[in-house]
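Hi everyone, thanks for making the time.

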Protein chains: 2
Amino acid sequence: MNDAKVVIIGGSVAGIEAAIVVQRHHKVEKITVIRKEEKVPVPCGIPYSYGTLGTPDKNLIPDTMLGGVELVIDEVTSLDRNLHTVTTEGGKNIAYDKLILATGSFPLVPQIPGVDLEGVFPIKKDIKWLQRLDEALSKARNVVVIGGGFIGVEFADECRKKGINVTIVEMLPNCLFLACDEEFCIRAEEILKGKGIAVITNKTAQSIDGSGRVEYVGLSDGKQLKADVVILGIGVVPNTDLAQKAGLEIGKLRGIKVDAYMRTDDPDILAAGDCAEKFSFFSGKPSGLRLASIATREARLAAINLFEPRRRNEGTIGVFATAIGEIGIGVAGLTEKAARAEGFDCIIGEASAVDKHPGGMPGARELRVKLIFDGKSGRLIGGEACGGVTAGEMTNIMATAIANRMTADQLTNMQIGTHPALTASPIAYQLVNAAEQAFLKMQL
Amino acid sequence: MNDAKVVIIGGSVAGIEAAIVVQRHHKVEKITVIRKEEKVPVPCGIPYSYGTLGTPDKNLIPDTMLGGVELVIDEVTSLDRNLHTVTTEGGKNIAYDKLILATGSFPLVPQIPGVDLEGVFPIKKDIKWLQRLDEALSKARNVVVIGGGFIGVEFADECRKKGINVTIVEMLPNCLFLACDEEFCIRAEEILKGKGIAVITNKTAQSIDGSGRVEYVGLSDGKQLKADVVILGIGVVPNTDLAQKAGLEIGKLRGIKVDAYMRTDDPDILAAGDCAEKFSFFSGKPSGLRLASIATREARLAAINLFEPRRRNEGTIGVFATAIGEIGIGVAGLTEKAARAEGFDCIIGEASAVDKHPGGMPGARELRVKLIFDGKSGRLIGGEACGGVTAGEMTNIMATAIANRMTADQLTNMQIGTHPALTASPIAYQLVNAAEQAFLKMQL
């Protein structure tokens, strides 16, 4: 389709990646990205805009990545599937042959009293909003972070770097409860507490109080926390307004329904990223995971499958990574908790060793690995790593092993490179030893 | 075989790992490790004993790892396969039911005049010898390193950290010539030169001159290099003396011949590590690679296959990693050079991006990846990474992908986790983008 007009709605990671990959794989007449935001932040970098990078404008996705793509800054208000056009708030009518929806998500805002007070910040991927948060933080002495997931934990760490008193309020038993198993959650909480961050779990925020602007957060146990700024990090909801108005099918978890090739129920419309419904690599069931790395992969799939099905989505494994101070934490696939809830008969292997060798190498840190195997097939279905900066790529080894359906036996036999300054010793290499521990349990 | 006596000859990484893994997998009456050295150094840590760790005794493998294994410090002088006994220099006769040979390797010493002069150090895995080198380096002003492979490059970097003038003499066109493709070799040389290390390539050392102790190294172009210490890093030869005397079969590349289960031609004797012959994962041909990570894996295989064949060696992929200063370099599988020499129709994919994101994150470094695919099958057969400390685990992702025979198409669809402080951005992730570049070339 050399004369095809491709329109992409949304210009954060999924939209930008889709535009890049369409250019690589297809000769088309024109690619247009329509985005309502002038500039977009690197989504995972948002917390780091504050303590580490300094300001939100140091955390922008450069639009130069778009190459020869037309970028229209405007908001699409309607989509006419019969006419194959989209209409913008600015009055433009733009025709498409193929359309990719990458409309992203909105932050969840809890419906509690005072949530609209000044000083309360859900995390919108909007530079102007993030700059307002920057101004508010520059004057803040007490910040309450509601939600102890990745975003909440990262914001807490960054605010603390600015010398602010920080309290995390998490309704579940631990921070990162949905992402990691308990031992890794506890490790994360220890690090946070070690930095002087207060961590309150098993409590909900029931009100935000103040006259005009926030002064206190009221908890379910009656306690009042002083706060100049409240950051909300309790999750996101897919932005499907346009898709719904156009009559596209919506999935059970409120994302735009897509098949394994990222195609909606309209043959000329695909969807990718936070706005699209996902399904689990492990169970095939709908998955609520929403991450920039997942969005990027889906955008790549949508782009290559634009005109015909070429590359299949085997389902979302779910690979996270975060850092608290110098500590890196990563999770690939199912936690033990999630695997057991899915009915897997889990076999666990664990190993810990320094991430350099011998232990006296400068900067060496303990790196702990937990692997979760399906007892029936022997296959790896999840892995967690907590260590230094290499925990991120270590997690990606686990993700690669999961995607290849590797067994404990195969992982025990894996071939690795080791070096004193870069990895554990070959004898202590965590993935191999954790796999062997699980393999031995399977022999009993 | 609950009443089996297992004897392991050699107590460096392969011997120690074999002893550990035998204990994990088998109930046996007794395990004895016989080793001539009182203490053994971490082999990959040897260069780091000097500049980074301080002294060789900070780089020891702790024998506590051996658990309940009997450690005999003595040298085995003969092996009687009929009687199933080994005899030591100290006069001990030790009976075995199963024997694992982990006798390691010797450093290659070039047969040039003056190589026996005082101040000339081949790298023996012997703490006393390494301590003598330490003393010599503490007084040295000029060091010449003969051989620009990993060991040579690492020693050069470490000596330079001590303020010594260092020259590397490499007979091949580049340092790391046998390990990496040219662009990575050149990058390594740039870093070395940036640290003030002189790099001389395409020249051989023809003599070592001095009265009683080394004063000069004479090169093939007639030049004389001043030297108080000469370090030899030109490779190793397998130590097969005992095996040969006992009539065990020796392979084409001078290692003890073993099958895919690490068994020699004697059903009760296995061999692992530097002393054992290896074969290539890619061609099945004998391979001359000798690394601690390979030795460890072979020891693990020998241990689990001790009584019956259980886990198969699919051949050596060869996964290296090194570091020069803050730069990590890793190679998995075949370089482009080696793959072409093997007759592969190579398709190359390359990508480069910072190893954190956005680029303003503190400590961010460019991490460059090159992937080598077999054009016929589309499978990954090699990968190289040059970046910061994460290049090591990134190389292990490539190794895992090679072992799983992943194609460019599959790698482009890989699932990864990303984080500002730990990895490239999902859009810039090097492995995916390099795979996609190769995939696109395959479509032409």
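Before we look at a first pair of strands, a word on terms: two strands pair if DSSP finds at least two bridges between them. Helices (H or I, at least four residues) and strands (E, at least two) are DSSP runs, numbered from the N terminus. What you see is a predicted model, where local features need pLDDT of at least 70, side-chain atom pairs count only at pLDDT 80 or more, and totals for chains, interfaces and linings use all residues. Residues are numbered from 1 along each chain as its sequence is written, while chains are lettered from A and ligands numbered from 1 in the order in which they are written.

Let's begin with that pair. In chain A, strand E13 (residues 205-209) and strand E14 (residues 216-219) pair in the antiparallel sense over 4 bridges. Within the pair, Ile208(A) stands opposite Val217(A) of E14(A). E13(A) and E14(A) form a hairpin with 6 residues between them, and Gly210(A) in the turn has a positive phi of about 160°.

Now zoom out. Chain A is divided into domain 1 (5-36 + 74-105 + 237-304), domain 2 (120-234) and domain 3 (319-443); these bounds come from an automatic or database domain assignment. Taken over C-alpha atoms, the centres of domain 1 and domain 2 of chain A are separated by 32 Å.

Next, the sheet in chain A. As a reminder, strands of a sheet pair through backbone hydrogen bonds, either parallel or antiparallel. Here we have an open sheet of 5 strands with antiparallel pairing, in the order E21-E22-E25-E24-E23 of chain A. Strand E21 (319-324) and strand E23 (346-354) of chain A stand at the edges, each with a single partner strand, so one side of each has no neighbour in the sheet. On average, neighbouring strands of this sheet are turned by 10° against each other, direction ignored. For angles, axes are lines fitted to C-alpha atoms, for helices over the stretch in contact, and angles run from 0 to 180 degrees between N-to-C directions.

Inside that sheet, strand E24 (residues 366-374) and strand E25 (residues 380-387) of chain A pair in the antiparallel sense over 6 bridges. Arg368(A) stands opposite Cys386(A) in E25(A).

Which helices pack on these strands? Helix H8 (residues 391-403) of chain A lies across E21, strand E22 (327-333), E24 and E25 of chain A, at about 10° to E22(A). Helix H10 (residues 430-443) of chain A touches E23 and E24 of chain A, and its direction makes about 150° with that of E23(A). Contact here means that the C-beta atoms of two residues, placed from the backbone, lie within 7 Å.

One detail to point out in the loop between E23 and E24 of chain A is Pro358(A). The peptide bond from His357(A) to Pro358(A) is cis, with omega near -5°. In chain B, the bond from His357(B) to Pro358(B) is also cis, with omega near -10°.

On to the two chains together. How many residues of chain B are in contact with chain A? There are 63, and they meet 63 residues of chain A. The elements giving two or more residues to this side of chain B include helix H1 (13-25), helix H6 (292-304) and helix H8 (391-403) of chain B. H8(B) gives the most, with 11 residues. By class, this side of chain B has 32 nonpolar, 23 polar and 8 charged residues. In that count Ala, Val, Leu, Ile, Met, Phe, Trp, Tyr, Cys and Pro are nonpolar, Asp, Glu, Lys and Arg are charged, and the others, Gly among them, are polar.

And how are the copies related? A rotation of 180° with 0.0 Å of shift along its axis superposes chain B on chain A, with an RMSD of 0.0 Å. That is the relation of a two-fold axis. The same surface serves both copies, as 100% of the contact residues of chain B recur in chain A. The superposition is by least squares on the C-alpha atoms of residues with pLDDT of at least 70 in both.

Last stop: two helices of chain B. The axes of H1(B) and H6(B) come within 8 Å and cross at roughly 35°. Among the residues making this contact are Val21(B) of H1(B) and Ala299(B) of H6(B). By class, the contact has 11 nonpolar, 2 polar and 3 charged residues.
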